[in-house]
Amino acid sequence: MAFAHELSWSVSRSGTFASCKRRYYNDYYFSWNGWDRSSPKERTEAWRLKKMTRMPMLAGDVLHQAIAEYFDQLSEGNGMSEDELIGMAVTKLRTGYKQSRDGQGLWRSRPGQSVHLAEHHFKEACIDESTPAAGDYGKKYVERLQTGGHFFMTSPELESLHGLSPSEILCVEGRDPGDRASRDMPTIQLFDTKVFAIPDFACKTVENGRDHFWIYDWKSGSPRELDEFQLGVYTLYAMEKWGATPEQVTCVDVYLTSGELRAMCHNQAEIDSILARMEESLGEMRSMHFDAGLQAGSPDDFPMTPPDSFECGTCNYRELCGRP
Ligand code: SF4
């Protein structure tokens with residue numbers, strides 16, 4: 001099935017656009033249709049590279065999946081212990097690691113359905129199993145899962161979430177709670193453009209007789225400038241999806257491994273400023289947009305970052321750019 005290539009917007013897409021135009025081109029244009037076997041092989045290869053992950057991302061992903069399972073179980077009236085939650089995350093991490101180490105063929109044939117770590121792809125020293133480095137590297141991420149899972153289950157600031165009734169849970173990873181098979185990517189429409197904003201978790205309580213909407217973003221890394229921007233976009237999501245006013249929405253970044261929470265409740269002036277920032281970002285993207293379903297475009301229109309840039313160090317496209 002052919003998908004229409006259209007301009008869409010998300011906070012992460014705007015971040016990629018700001019950090020490296022070439023990476024943005026590879027992610028959203030050159031790799032387009034790379035899943036189609038009839039596509040030129042360079043575009044298929046770009047698609048494969050796009051689907052690679054790294055251990056920090058894999059660890060964050062499996063922790064998200066385990067927390068999502070916790071809330072799916074809660075919405076079905078079941079419980080899940082801390083050991084079960086952490087065990088699920090660690091098992092998924094180990095399974096992904098082994099698949100990446102042993103299953104290169106699977107990644108080549110089905111990049112969207114397999115784990116392939118950039119650390120393995122680029123033969124990085126941190127993952128060399130002939131030295132103690134690989135064991136230390138893996139252990140670091142297992143410990144992150146243990147720390148993050150423990151904080152999620154025991155933090156007093158998250159205690160109220162464990163007592164939610166099924167009817168108070170609005171969404172888990174952007175989908176209906178318990179609907180594990182859903183492939184829908186929730187979007188809202190702003191500035192005539194599809195905006196992706198997928199809350200990790202949302203619930204509704206009644207405060208002073210009025211509905212109040214809570215949106216949680218689970219973070220396994222350190223705080224970034226874009227995190228606050230993302231919370232503003234979640235407030236817009238709640239306004240669009242649930243008819244909330246800004247004052248009825250609280251968005252919370254939960255930094256699971258450091259045990260830090262940052263909550264924001266926006267007023268209308270702040271929402272207007274977030275909309276202005278989105279509109280500016282979208283305008284810049286639109287000025288470079290073309291239909292990647294019809295042509296591959298020119299990479300020269302999307303400049304690389306300067307040599308030795310920080311961004312290149314962990315980028316999936318290093319081999320396309322000739323960067324070490
Ligand atoms: S390797 Fe560097 S220049 Fe190339 S896409 Fe990645 S960040 Fe950009």
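**View 1. Lining of the second largest pocket, by residue class.** The lining of this pocket has five nonpolar, three polar and five charged residues. Here Ala, Val, Leu, Ile, Met, Phe, Trp, Tyr, Cys and Pro count as nonpolar, Asp, Glu, Lys and Arg as charged, and the others, including Gly, as polar. The model is predicted: local features need pLDDT of at least 70 and side-chain atom pairs count only at pLDDT 80 or more, while totals for chains, interfaces and linings use all residues. Residues are numbered from 1 along each chain as its sequence is written, and side-chain values use heavy atoms, leaving out hydrogens and water.

**View 2. Centre of the second largest pocket.** The volume of the second largest pocket is about 200 Å³. Of its 13 lining residues, Gly174, Arg175, Asp176, Asp184 and Pro186 are the closest to the centre. A pocket is an open set of points on a 1 Å grid over the protein atoms alone where a 1.4 Å probe fits, with protein on both sides within 12 Å along at least five of seven lines; lining residues have an atom within 4 Å of a point. The volume is the space filled by probe spheres set on the points, which are joined across faces, edges and corners.

**View 3. Helix 4, residues 55-75.** A helix is a DSSP run (H or I, at least four residues), numbered from the N terminus. Gly77, with a positive phi near 80 degrees, follows helix 4.

**View 4. Shell around the ligand.** Among the residues surrounding the ligand are Cys20, Arg23, Met304 and Glu311, each with a heavy atom within 4 Å of it. The shell has five nonpolar, one polar and four charged residues.

Notes
Helices (H or I, at least four residues) and strands (E, at least two) are DSSP runs, numbered from the N terminus. The expected span of a helix is 1.5 Å times one less than its number of residues.
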